[in-house]
Structure formats: structure tokens, C-alpha cells
Amino acid sequence: MSTICFWAAAGVVAATIILHVVYGGRRYVRPMLASELGPFLKWLSYAMWHVGTVASITLGVGFALAAMDPVRTDYAMAATLTAAGFVLVAAYAGIRSGLGLFSFPVVPLFGIVTALGAAALLV
């Protein structure tokens, strides 16, 4: 059961990465780079976008490694806690900005990842 949940979490992360790179790059990164933001904010945002990409890839790899060796739950523990942290930060930003809890796709997508990781670790 835990192996299925770990693979499912890795799959949701992979789908999220594809959505992030393909859709997000077109919808958010290109307009942001073409905006009137100052160079520091523009390139900091660009760098942080890619930090999110690398962090997401790392999460997916952590769940895949745990799925291939279910005894090594440390990978999944780290990935689950990181995904939960992403959810908390995005939820806080959505609420604090007044945009709403689910205004950022991170909340539902990594919420699913967190739930799958937690379910696998508790089994």
C-alpha cells in the first residue's frame, strides 16, 4: 500500500512540474519578465520560480526513491514535510494577500501530495 501511495505522490508531483513549466512559464513567467518591475524584483522572481521547479523535482525523486525501497522512508518523510511546508506558505500568502486560500495551485496540488505521503508513512 505504501508503495502505491509513494508512486502516486511522485506522479502528482510530475504532473505538477509539467503544469508549472509549460503552463506557468507561458502564463506567469513570460509576462513577469516583460513587466515594468525593477530588474532586482524581476530576476529574483525568475530565480525563485526556478527554485520552485528544482525543489519540486527533488520532491518527486524523494517519493520515487521511497517507492523503490519502502524501507527507506526517510526520503518520503523529507518530501512529505517539504510538500506540507509548500502548502502552508502558499495558503498563508493566499490568505494574507486577500486572494483566497486556493488562489495558488500549490495548495490543492501539494495538499494531495502531502496527504499521499502521510498516508503511506502511516501505513
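Reply: Helix α1 (residues 2-33) and helix α4 (residues 106-122) pack with their axes 8 Å apart, at an angle of about 165 degrees. The model is predicted, so local features need pLDDT of at least 70 and side-chain atom pairs count only at pLDDT 80 or more, while totals for chains, interfaces and linings use all residues. Residues are numbered from 1 along each chain as its sequence is written, and side-chain values use heavy atoms, leaving out hydrogens and water.

Me: Why is α1 called roughly antiparallel to α4?

Reply: Angles over 145 degrees count as roughly antiparallel. The angle here is about 165 degrees, so α1 is roughly antiparallel to α4.

Me: Which residues of α4 make the contact with α1?

Reply: Among them are Phe 110, Val 113 and Gly 117 of α4, which meet α1 residues including Phe 6, Ala 9 and Val 13. Contact means heavy atoms within 4.5 Å.

Me: How do you know whether Thr 80 is buried or exposed?

Reply: Buried means under 20% relative accessible area, exposed over 50%, and partly exposed in between, with a 1.4 Å probe and protein chains only. Thr 80 has a relative accessible area of 7%, so Thr 80 is buried. Thr 80 lies in helix α3. Leaving aside neighbours within four places in sequence, Thr 80 is in contact with Phe 63, Thr 114, Gly 117, Ala 118 and Leu 121.

Me: And what does Val 113 touch?

Reply: Not counting residues up to four places away in sequence, Val 113 touches Ala 9, Val 12, Val 13, Phe 63 and Ala 83.

Note on methods: Axes are lines fitted to C-alpha atoms, for helices over the stretch in contact, and angles run from 0 to 180 degrees between N-to-C directions. Helices (H or I, at least four residues) and strands (E, at least two) are DSSP runs, numbered from the N terminus. Angles under 35 degrees count as roughly parallel, over 145 as roughly antiparallel, 65 to 115 as roughly perpendicular and the rest as oblique.
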